[in-house]
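Open the structure in your viewer and keep the selection tool at hand. We will go from stop to stop.

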Amino acid sequence: MGRAAVLKKVFVAPDPGRARLRWASRAVLGIGLAVVVCLLVGHSVVGAVTGGLAALLALFTVADPTVRGQAVTTALLPVVGLPVLGVAAALHPYPAARDLAFLAVVGAGVYARRWGPRGHSLGVFAFMMFFTAQFLHATPDRLPELSAAVLLSVLSAAAVRFGLWCYERRLPPAAVPAPLSSGGGLARVTTRQALQAMAGAGFALVVGELVSGQRWYWAVGATWWVFVNTASRGETLVRGFRRVLGTLIGVGLGFLVAVPLHGAPVPTAALLAVAVFGIFYSAAVSYTWMMLWVTVLAELLYGLLGVLTPGLLALRLGETAVGAFGAALAVLFLLPVTTHATTDAWIQRALRCVHACTAEAAARLAGSPTADPGPRVAELEQLLGRVRLSVAPLVHPLNPLPARKRRARRVLALLDDCAREIRGLVAVAADPEASHDARLAAACGRVESAVEALTGGSAGPAVTAAESPASPALAHVHGLEHALAALAEPLRGTAGARLVGAGA
């Protein structure tokens, strides 16, 4: 992908319903309110920074499918975060105990993902409270102010999210695919990732302290965030590369923007709002660009605290590289979760959802009062997003295997074709004037057979319809059949091999 394509992806990416624009704008409002409230009650700059970070996390990480679930998770954030903040502050004078506690928080935070979006949010918040204590050199005497700032800021963010601007109330509940899970113990992905994260963070902590006894926590933070929202070693390696690249670009931008400001309050506050908007607006599109804005945000905060120098920017880049390298070592050599296993699982789930969407739409056309394909379509979009994330290592420009890259791109294109036909079929089914074609049931049966052939390990191609469609609904189902038939070759190959190959 060339530079022009990357820029287009970031700045001209589709934003259905202006969801990213609203999410980013609300974040600026919520975080801004939190900081203002902290300053009005007399908190120091350190307290205001703590509050702003807590509000950012409350608005960024909470992703339950319902508004009620989001409110419950937001209420639980201080319950989990404040004890961790207290432990971090209390252990500040005892480096060995502090380091062991930090690693324990890393492991527990990753392991908590087994409980879905709420576990993920609480794990991230707990980790970031410990990280923030290191970032601000929190000591026990500062704990009352910092705890109050966290409470006030989470309340302020909640007031904006659930009161002033709760646009989610007008939307159907978001579809959140259940995490991949197989068995218990070390067979569970979250267990393996928790051990990997602890090992990677341990490496980052030791090497990070050798690089800088003051800013070592940057390396641990880089390792942690590389593991967030990844499920295989390929995803983790790509994410580590993108984190370092985004940090590098952000450091370069910091030399041009943050350093010359010298922490001047008004322009720094304006640029902080721009950075917050950039983080939220780019998060769903490009991890590299999100990391650019995260780096700029950190630089501006250090400017407010009066410690920003060119040397500090170079140090941040070095510590980030250490953290990414630690994560890479962990996923490569400790209980690796292969790209093959993860990609295959997500593709199979997406294909089964394709069949479920088709069946629901057909039942709706047949007059069933209970059939509703809408939730299934939303689930399919989420699953396809997970497929794209899982396949990302295979289509990355640095992938040295062009044949696999071509096959992966072909699979993604055909899955997008399936989704397009599904959306067209559901649109037809939603029309009260649409009539049921007698051949639709037979076509849906062929779709089911095609999905079974693809998910059941058969190397044979799916059945392709030959007759001409007699209705718009049947036309979409026939298009779906053709896409499923075409998927047989890139998914299985001529010798029945999986897309990414065993042990990839």
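The tour below moves from confidence to cores, then to a helix and a surface patch.

**Confidence.** This is a predicted model. Colour the protein chain by pLDDT. Its mean is 87, and 89% of the residues reach 70 or more. Now select residues 500-504, where pLDDT stays under 50. The model has 15 contacts beyond four places in sequence for this stretch. Where pLDDT is low, the predicted coordinates should not be read in detail.

**The cores.** Select Phe127, Phe135 and Phe280. In the largest nonpolar core, which has 81 residues, these three touch the most other members. Helix H6 (residues 116-135) gives the largest share of this core, 11 residues. Another core lies apart from it, with 45 residues, including Val387, Val447, Ala450 and Ala483. Go back to Phe280. What does Phe280 touch, leaving out residues up to four places away in sequence? Its partners are Trp23, Ala24, Ala27, Ile31, Leu56, Leu59 and Phe60.

**A covered helix.** Next, select helix H9, residues 217-227. How many of its residues are buried? The count is 11 of 11. Trp218, Trp224, Trp225 and Phe227 are among them. Then click Asn229, which follows H9 and has a positive phi, near 65°.

**The surface.** Finish with Phe241, Leu245, Leu248, Ile249 and Leu398. Together they make a nonpolar surface patch of about 440 Å². Ile249 sits in helix H10 (residues 233-256). Is Ile249 buried or partly exposed? Ile249 counts as partly exposed because its relative accessible area is 37%.

Note on methods:
Residues are numbered from 1 along each chain as its sequence is written. This is a predicted model: local features need pLDDT of at least 70, side-chain atom pairs count only at pLDDT 80 or more; totals for chains, interfaces and linings use all residues. Side-chain values use heavy atoms; hydrogens and water are left out. A nonpolar core is a set of buried Ala, Val, Leu, Ile, Met, Phe, Trp, Tyr and Cys residues joined through side-chain atoms within 4.5 Å. Buried means under 20% relative accessible area, exposed over 50%, partly exposed in between (1.4 Å probe, protein chains only). Helices (H or I, at least four residues) and strands (E, at least two) are DSSP runs, numbered from the N terminus. Contact means heavy atoms within 4.5 Å. pLDDT is the predictor's confidence in each residue, from 0 to 100. Patches are made of residues with over 30% relative accessible area and no salt bridge: like charges are joined within 9 Å, nonpolar side chains (Val, Leu, Ile, Met, Phe, Trp, Tyr) within 5 Å. Accessible areas come from the Shrake-Rupley method with a 1.4 Å probe; for residues, only the protein chains shown count as cover. A salt bridge is a side-chain nitrogen of Lys or Arg within 4 Å of a carboxyl oxygen of Asp or Glu.
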